[in-house]
Each structure stands twice: as structure tokens, then as C-alpha cells.
Amino acid sequence: MGQPIYSTRAHVFQIDPNTKKNWLPTSKHAVTVSYFYDSTRNVYRIISLDGTKAIINSTISPNMTFTKTSQKFGQWADSRANTVYGLGFSTEHHLAKFAEKFAEYKEAARLAKEKSQEKMDMATSPSQVRSVHTILTSCMVCIMNIWSTGQPNNESPGGELSMNLSVFCSPAMTKHWEAELEALKGNNAKLTAALLESTANVKQWKQQLAAYQEEAERLHKRVTELECQSIQTPVIKSQKTELNQTIEELENTLRDKEEEMEKFKEELENMNDLMEQKDTLTQKLEETELRSRVLEEQLVGAEQRLEENQEEQENFRKSLRTLLEMLDGKIFELTELRDTLARLIEEAS
């Protein structure tokens, strides 16, 4: 802890923990009360020893207040120790000096706390930015998964899209999702154009398929006619073989076209599913924006009510503190009167 930075002598009291009204002396006589600076924790302490027993070990915090309740008596509350300390000084000068040091070290504690808070903010700010960037990236991954596969990827961080939207919805996020909505509208237009193009291709392939079928039937009829009208000559056999090969090639082409038609049908169904999912996402985004506005209004109301409650509590505490100071002064005066009477009785006896 090191050497004290200021020391004085005073009678030490603590408030009665049961009644919270009476003062209990913790030392039989005046003891040394010192201010210390704890460099390891960057805090100021008030410490007093009665022999080897620590009767005061109080860390000064910015919200503490040292109150003069009489010409020679002062007190402060320590919420960490759950008690109120009282000091009785031999002169008004000693009390004033102690109060002056208390205010000085309290201000130093406040400045130290602010510097520490600034360091913590500087340390945590990049991680918060990274966290928000990770969430936005995850949401984008989820949307890309939906557009590429037609289903949300629950195993990826973007799988919790709905929860992330409801928790992190803010004006910035709203603008972001408005941009996403515009992108979805653009994709929708592209899908519609692709759908129309695919429909046109299907019609064209159907026409080609009908033409191939007609050609195959014509060739079959031609083969039959050649077989009936002509004798089996090498020339006719060669033509028949060529016609059969042509028919087989046309049938293979027909099968390939049919397979392509099935694939395009599946793609069309997937496009319809994607359009439905787009509409669902748009509706969810609108609902999220509405919930965000409602939550912001509720937050403003809650903050107003909190400020009013805090103001009422502060006024109540001030009233109690004033009453307590008056009682402490009376109690200390009664204590001095009792000590005076006791000395008079002892002198008279």
C-alpha cells in the first residue's frame, strides 16, 4: 500500500447495524486515520488501525459524500462495507482539513474511473464492430444460401436470420435491409425475365419435337413404301439402313429434348419457390421494421419513466440525508453531554 498521503487523529464510530440510528464507538480513544493511494488498483483508501485491528478500510468512490454533521463531527457511507463511518475531531480545523482531502481524493478517483472507462471503451469498441459485421455477414450468407439452394442453411450462422433481425434492427439496419429489398426486387425482375425466356424455349422445343415426330413418322412410312414397292436390292437395303440410322438419331435427339424439358420444368418450379420465399422475406422485413418502431417508442417511454423515478428517489434521499444529519448532530451533542455528566459525577465522587 505504501506510505499514507495524509493522516490525522479522530475518534472513530460506526452506525449501529441493527437500528441504523445510534453510533457505536470502535475505538476507546483517538486513533490515526490516514489516506492511502493504492497504485496497483488505482484507488484511494481511508484506513485506520486500533492496534492490529482495522477499524476503517474504506475505498473512496466518486459517488461517496463526506458530510459535516456538527462543528467537530463528520460522516460518510460506504456501500461496499455496508456501514456508515463517523469521525469526531478535536478541532474544527482538523475536520475541515479532512473534508477537503476527502473531496480532493474523491475527484481524483472520479478522473481515474473515467480514464479506465475510456480504455475499456477503446478496447471493446472494435470487437463490437466486428460482432455487428459478423452478424451482417451471416445474414447475407443466409440470404445467398436461400437464393442458391431454395432452403435456409440452419447449420450456418445465418440460420438464425429471424432472431438476428429482431434483435439488431436499427435505423442503420433498416437502411441495409431496404437496400436488400431493392436487390430482391432486381433479382425478381431477372427471374421473371428468365421465366419468360424459359417458357418461350419450351414452346420452341415442343414445336421442334412435333416436327421431329412428324419427320420420324414420314420416314417410317417411306421405309414401308420402299419395302412394299421395291425388291430387295443392295441399293434399297442401303437406303433402308441409312433411313433406320436417321430414325434412331432422331429418336435419341427426341429423348434428349424430353430430358431437357424435364430439367427446365424443375427449374421453373424452383424459380416459383424462390419467388414465394422472396415474398415471405419481404413480409418478414416489414414486420421487423414495424416491431422496431414499436420497441423504440416503448424504450423512449421507459427512459422517461426511469428519469422521473430517479428524480423522485434523489429527492427522497436528500430529505432522508438532511434528517439523518440533524439526528447525528443531536446524538453527538447528547454523547458529549453524557461524557461531560460522567466526568462531573466522577469528579464529584
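**Salt bridges in a predicted model**

D38 and R45 are joined by a salt bridge in which the closest N and O atoms lie 3.6 Å apart. The term salt bridge denotes a side-chain nitrogen of Lys or Arg within 4 Å of a carboxyl oxygen of Asp or Glu. Both D38 and R45 are buried; buried means under 20% relative accessible area, exposed over 50%, and partly exposed in between (1.4 Å probe, protein chains only). This is a predicted model, in which local features need pLDDT of at least 70 and side-chain atom pairs count only at pLDDT 80 or more, while totals for chains, interfaces and linings use all residues. Residues are numbered from 1 along each chain as its sequence is written, and side-chain values use heavy atoms, with hydrogens and water left out.

Side chains of opposite charge can pair when their charged atoms come close. A search of the whole structure finds nine salt bridges. One of them links E104 with K101, at 3.8 Å from N to O. These two residues, E104 and K101, both belong to helix α1 (residues 92–149) and stand three residues apart, about one turn of the helix; helices are DSSP runs of H or I with at least four residues, numbered from the N terminus. E104 is partly exposed, with a relative accessible area of 41%, whereas K101 is buried at 15%.

Helix α3 (residues 171–229) holds E215 and R218, three residues apart and thus separated by about one helical turn. Their salt bridge brings the closest N and O atoms to 2.5 Å. E215 counts as partly exposed at 30% relative accessibility, and R218 counts as partly exposed at 46%. Elsewhere, salt bridges that share partners connect E107, R110 and E114 in one network.
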